[in-house]
Amino acid sequence: MHKKLFIPGPVEVHQSVLTAMSAPMIGHRMKEYAELHGRVTTGLKKLMFTNDRVFLATSSAFGVMEGAIRNLVGKRCANFCNGAFSDKWHEVTLRCGKQADAIRFDWGKPVTPQAVEQALSTGKYDSMTMIHNETSTGVMSPLKEIAEVMRKFPEVMFIVDTVSSMSALKIPVDDLGIDSCIFGVQKAFALPPGLTVFTASEKALHRAAGMEGRGYYFDFMEFAANDDKDNTPSTPCISLIYAMDTQLERIFAEGLEKRWARHADLADYVRGWVTGRGFELFPELRYCSQTLTCSQNSRSIDLAVLKKKLGEAGFAFDDGYGKIKGETFRIAHMGDMTRTDLDELFCAIITIMPELA
Ligand SMILES: *Cc1c(COP(=O)(O)O)cnc(C)c1O
């Protein structure tokens, strides 16, 4: 039996998108691929509000998150850490042999513009990483305010992970001045995993061109050279790119404004449901994510039992990530989800635990 996914990634994939993946194969050096690639990257530029280069990498998000470090970190990197994925990005930065500091916030807290300003004012850094939407804690950091601070530090590469937020709300990459915006497709974008999209500003490409030790697979310069021919350095996951082509069509058919409004509505709906049952939200309301809700287990319910029984009933449920497992639970509301889907989950939860009715 398929368990319907309410975990924050991978998420449910629409049947028409899955079907698109079974299209007959083409060669990536054939003109058919160049057409597909050109169409998809054009759509992505529209979605991301950017005129920068948009590249497609065959890997999960961390491939490019590591690649961005290898291409863009010269002197020293400030890794802003407020959850499991941003902590790991700091680890990755160090493992790439780069000088880096973790600027840490308690789990459940956002990255703040003040902390960014304070760290970068030291003049120690030529690059920074942050995660817009920390999926481990359900926190969305104030990207617009941080971007305003970043304007004061034009020499610092602004590298942002939008894995679990891109397409769920407006993230205008160029207006925000993001040098490299990275997202894996299995979360807010709602495709099967294995493909990562990233942008590179002119400044980023210039930095990369002079960087030692970029490696090959994620070398931004290789991506740029191949992009001139609507192509990729290595054989891409063509089936997933077909899927992306279909998903972009679906996204634009729904309309961006409507897609953002649907996500805002679902976020309100889930927050209302959990708080209405006596659970407290893990982040402060104004930093709560628009794509998933991380709730404290304020009623001390047995989350392991709930997860198991929901599994038997056909629902995949998340009982917290890493060090906050069991103390929190997370409900995803991203991608193609609707209120009807959430109602199914809520109904199943109440059947298992009638005291939550
Ligand atoms: C899931 C996730 C990642 C990890 O991505 P992989 O595709 O597993 O490499 C990174 N960042 C965020 C914010 C995520 O939610």
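**Note on the ligand shell and a helix pair**

1. Helix H3 (residues 61–72) supplies the largest share of the shell around the ligand, namely 3 residues; helices here are DSSP runs (H or I) of at least four residues, numbered from the N terminus. The model is predicted, with local features requiring pLDDT of at least 70 and side-chain atom pairs pLDDT 80 or more, while totals for chains, interfaces and linings use all residues. Residues are numbered from 1 along each chain as its sequence is written, and side-chain values use heavy atoms, without hydrogens and water.

2. Residues surrounding the ligand (a heavy atom within 4 Å) include Ser-60, Ala-61, Phe-62, Met-65, Asp-161 and Lys-187. By class, the shell holds 6 nonpolar, 4 polar and 2 charged residues, with Asp, Glu, Lys and Arg counted as charged.

3. A ligand nitrogen lies 2.6 Å from a side-chain N or O atom of Asp-161. Ligand oxygen atoms are involved in two further cases: 2.6 Å separates one from a polar side-chain atom of Lys-187, and 2.9 Å separates one from a backbone N or O atom of Phe-62. The protein buries 88% of the 390 Å² that the ligand exposes when taken alone (Shrake-Rupley method, 1.4 Å probe).

4. Helix H2 (residues 31–48) packs against helix H10 (residues 238–254) at about 40 degrees, with the axes 10 Å apart; axes are lines fitted to C-alpha atoms over the stretch in contact, and angles run from 0 to 180 degrees between N-to-C directions.

How values were computed: A polar contact is a pair of N or O atoms within 3.5 Å; within protein, one must be able to donate a hydrogen and the other to accept it, and residues adjacent in sequence count only if both atoms are side-chain atoms. Helices (H or I, at least four residues) and strands (E, at least two) are DSSP runs, numbered from the N terminus.
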